[in-house]
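Here are my notes on this model, point by point. Please read them with the structure open.

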Amino acid sequence: MSEQQGPIRVMVVDDHPMWRDAVARDLAESGFDVVATAGDGEQAVRRAKAAAPDVLVLDLNLPAMPGVQVCKELVGANPALRVLVLSASGEHADVLEAVKSGATGYLLKSASTEELLDAVRRTAVGDPVFTPASPDWSSASTAGWPPTRHRPQAATSPRRPNSPTARPRCCAWSPRA
């Protein structure tokens, strides 16, 4: 994929309004062009087709249409679209299903803001991004997944992603001055 021209166009899809708004705000404050947000799968498909984002930051657990189906439909219609799944689940089956549906990367919601920003940048240029809690891709690669010629590089986190005390810094709600 060639060098990105202008700011990366991003759409954020999550059914939790505070989470969705905080992620969109963090992206916008870091120079990304947040072109749309959506709170359910059907809305995500409609808005993504109209807004034409470069990167879709997508939760898997959505009302009306699951995130995996959203990914399949949108990547099927536009193979240039890059999808970064941002999910609370690090289950092997969820990660594998997301990648098979066309996702470029998979990041746990326990990631820091910096990890999210880096993951979106890398996803935009087609680099596969996976959190350390993601499954060992050496076994998945033998089955042809992920469907890329590049080996996934893990995003790093100083916290244990599944720790009960891990809280996503990207969504720590604070009053604005």
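1. First, a term for the helix pair below: a helix axis is a line fitted to C-alpha atoms over the stretch in contact, and the angle between two axes runs from 0 to 180 degrees between N-to-C directions. Keep in mind that this is a predicted model.

2. Start with the α1 and α5 pair. Helix α1 covers residues 17-29, and it packs against α5 at an angle of about 70 degrees. Their axes are 11 Å apart. Angles of 65 to 115 degrees count as roughly perpendicular, and α1 and α5 therefore fall in that class. The crossing of α1 past α5 is right-handed.

3. Which residues make this contact? From α1 come Val23, Asp26 and Leu27. They meet Thr113, Leu116, Leu117 and Val120 of α5. As background, an α-helix has 3.6 residues a turn, so residues three or four places apart point the same way.

4. Helix α5 itself spans residues 113-124. Its length checks out: at 1.5 Å a residue, twelve residues should span 16 Å, and the end C-alpha atoms lie 17 Å apart, which agrees.

5. Is α5 mostly covered or mostly open? Mostly covered, with nine of its twelve residues buried. The buried set is Thr113, Glu115, Leu116, Leu117, Ala119, Val120, Arg122, Thr123 and Ala124. Note that Glu115 and Arg122 are on that list. Just after the helix, Gly126 takes a positive phi of about 90 degrees.

6. The largest nonpolar core holds 28 residues. Met11, Val13, Leu56, Leu58, Val70, Val83 and Tyr106 have the most contacts inside it. Elements giving two or more residues to this core include the strands β1 (9-13), β2 (33-38), β3 (55-58), β4 (82-87) and β5 (105-108). The largest share, five residues, comes from α3.

7. In soluble globular proteins, nonpolar side chains tend to be buried together.

8. Look at Met11 in detail. Leaving aside residues up to four places away in sequence, Met11 touches Ala36, Thr37, Ala38, Ala44, Arg47, Ala48, Pro53, Val55, Leu56 and Val57.

9. Last, Gly76. This glycine lies in helix α3, residues 67-77. Buried or exposed? Gly76 counts as exposed, because its relative accessibility is 58% and the cut-off is over 50%. Gly76 and Gly102 are 26 residues apart in sequence, with their C-alpha atoms 8.2 Å apart in space.

Technical notes. Residues are numbered from 1 along each chain as its sequence is written. This is a predicted model: local features need pLDDT of at least 70, side-chain atom pairs count only at pLDDT 80 or more; totals for chains, interfaces and linings use all residues. Side-chain values use heavy atoms; hydrogens and water are left out. Helices (H or I, at least four residues) and strands (E, at least two) are DSSP runs, numbered from the N terminus. The expected span of a helix is 1.5 Å times one less than its number of residues. Buried means under 20% relative accessible area, exposed over 50%, partly exposed in between (1.4 Å probe, protein chains only). A nonpolar core is a set of buried Ala, Val, Leu, Ile, Met, Phe, Trp, Tyr and Cys residues joined through side-chain atoms within 4.5 Å. Contact means heavy atoms within 4.5 Å. Angles under 35 degrees count as roughly parallel, over 145 as roughly antiparallel, 65 to 115 as roughly perpendicular and the rest as oblique. A crossing is left-handed if the near helix is turned anticlockwise from the far one by less than a right angle, and right-handed if clockwise.
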